[in-house]
Amino acid sequence: MTVQSTPVARRTPVTRLRWALADGLVLVGREFSRLRQEPGSLIAALIFPAVMVLLFGYVFGSAIQVPGGGDYRAFLMPGLFAMVTASSVVAVIERVAGDVSRGLMNRFRSMPMSRVAVPFGHTASDLVGGLLSIAIMAVAGLLVGWRASDGLLNALAGFGLLVLMRYALSWVGCFFGLKVPNEQMAQQLTLLVMPVTVLSNAFVPTDGLPGWLRFIAEWNPLSALTAACRELFGNPGTVAGSHAWPVDHPVAATVLWSVGLLVVFVPLSVRSFQRKNR
Amino acid sequence: MAEPIVLAEGLHKHFGEVHALRGLDLAVPAGTVCGVLGPNGAGKTTAVNILSTLMDPDAGHARIAGLDVVRQADRVRSVIGLTGQYAAVDEKLTGRGNLRMFGRLHHLPRRQVIQRADELLERFDLMEAADRQVRGYSGGMRRRLDLVASLIVRPQVLFLDEPTTGLDPRSRGEIWDCVRELVADGTTVLLTTQYLDEADHLADDIAVVDGGRVIAEGTPDGLKSMIGDRFDVVVEDPGLLSQAAAVLHRLAGAEPTETGENSLSVPSANGAVRVAELVRELDRAGVAVADVSLRRPTLDEVFLRLTDRSAPTDTETDGDAPAGARAADRLKDHA
């Protein structure tokens, strides 16, 4: 055998950062290899957003009145974008918990790789699928008549917010994925995501909800995201006045929520991965 | 004398109320295989986790190739390989894909990674399955891939935590062959196992761990000598087994164990009893003997003797009584 151990380089902050980036990219590359190995599950995952558009658009669309008038499917699309964004939590919990239970995390921990690369790699990997599903959903939306009618810049800003929130939520998933004792528990946790999505302004206007429920729904970060998308895409359902602050200032609220989640969950996840005495 | 390549001194580790390690000492000379044996919960995996930098000890210290596992953990990681109890590979990737990923994470240049992955797949007989998803591998192939993944950069010390648990005998033999090849290349191996024949086949030295510390160590042969050779006696009439047992007890000074409906086993008391004498005494007692043989104890017998949970001094509450002292007492009893 000719291969020798990596000579241990002097660890300056710059080399550390370089290793962290390189190792993180290897883990993102792993995601691409996985997708290439399982094209079937990739296709299934991508059909899901399109099915959602049709299902919700035509089933709910036949019954729900949009406040201030307008097409329900145009009202719905920002909500569906938010729902697909929230699924990031689930995806990352399962991904991370799977690596923990299969011993891969311990192998990573025992290797001379960057310590921060693993959580960063997992969250960045989630963006790969995340961007694809947002793109598919946008195409499906365009097919059923949804338009981003407030200019290209605003549309891009809307997608930017979706990506930002998705990334923030993936760190929430990363943290809980490291914390849950096993994969079964991870799968049970994911059941909680559905009610959180529905308890928002994503599918129905919150005006009709009982006061306390409306309060929760309006402070739900997904409501801010949905409202921000409606505003930036120029979609119906943005009603001014008499709402909670996040719904009245949705773009600022979405950025604040995302930054807040990142500030809390990035250090928590990184520390949880590096903690030795589990 | 050079410092042992793996050195642990007085390792302590507790998880809440459970004391996993209570002062574990271990020294493995470079280029040897050390088998760590112990019942479930003896602290084997905890010891491996500390030595491979996955955990920090509460007290005591350990060095791998002279590097402290706590203060120089990063450098330790570049000289060790770890293959744990699970096949820690990505099931969704191919065998080759896994090896390339781990190679990249070891910071090898891309070209070398590709070359090295192929070299290892070839050498460990995985080339045929190289481009299949690991999901479809047999248990033995997964373990082999898991082992190979620890070898991309040749480690100075390889930790194998129960590498063959749950494998069929053939796959186990294949893993053993891999380990022997590695040792021939100069890699030091620390192997935990619950299969004593595995330790017997592979290990140069064995450390028997119980209650979080090493209670006996030595070569497989040395450990067997500690409890001495044994007589196996087969009588013709199972009805006379108790008479035979009484004779053996009188001669050997120890209670024989029944190993079958007409067979007994008893320590030979280090040659104090001879076969001829034994046969004569049995004959005098009217017991017809079908077979008598003097043999080395199996490692199982050594292990059971050393870790005997039913020994009267070993109660759950006497946590502080030194397990080593207890085992030493038992050895003295049988010497």
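## Helix 5 of chain A

The expected span of a helix is defined as 1.5 Å times one less than its number of residues. Helices (H or I, at least four residues) and strands (E, at least two) are DSSP runs, numbered from the N terminus. Helix 5 of chain A, residues 117-143, has 27 residues, and from its first C-alpha to its last it reaches 39 Å, close to the 39 Å expected at 1.5 Å a residue. Just after helix 5 of chain A, A:Gly145 adopts a positive phi of about 105°.

## Basis of the description

This is a predicted model, in which local features need pLDDT of at least 70 and side-chain atom pairs count only at pLDDT 80 or more, while totals for chains, interfaces and linings use all residues. Residues are numbered from 1 along each chain as its sequence is written, and chains are lettered from A and ligands numbered from 1 in the order in which they are written.

## Interface of chains A and B

In chain A, 26 residues are in contact (C-beta atoms, placed from the backbone, within 7 Å) with 32 residues of chain B. Helix 1 (13-37) and helix 4 (104-109) of chain A each contribute at least two residues to the side of chain A that touches chain B. Helix 1 of chain A gives the most to that side, with seven residues.

By class, the side of chain A that touches chain B comprises nine nonpolar, nine polar and eight charged residues. Here Ala, Val, Leu, Ile, Met, Phe, Trp, Tyr, Cys and Pro count as nonpolar, Asp, Glu, Lys and Arg as charged, and the others, Gly among them, as polar.

## Strand 1 of chain B and its partners

Two strands pair if DSSP finds at least two bridges between them. Strand 1 (residues 6-15) of chain B runs antiparallel to strand 2 (residues 18-28) of chain B, and eight bridges join them; B:His14 has B:His19 in strand 2 as its bridge partner. The hairpin of these strands has two residues between them, and B:Gly16 takes a positive phi near 60° there.

Strand 1 of chain B is also joined by five bridges to strand 4 (residues 59-64) of chain B, again antiparallel. In strand 4 of chain B, B:Ala59 stands opposite B:His12.

## The six-stranded sheet of chain B

Chain B has an open sheet of six strands in the order 6-7-8-3-9-10, with mixed pairing. Strand 6 (80-83) and strand 10 (213-218) of chain B stand at the edges, each with a single partner strand, so one side of each lacks a neighbour in the sheet.

Strand 6 of chain B runs parallel to strand 7 (residues 157-161) of chain B, joined by four bridges. Within this pair, B:Gly81 stands opposite B:Leu158 in strand 7.

Methods
Two residues are in contact if their C-beta atoms, placed from the backbone, lie within 7 Å.
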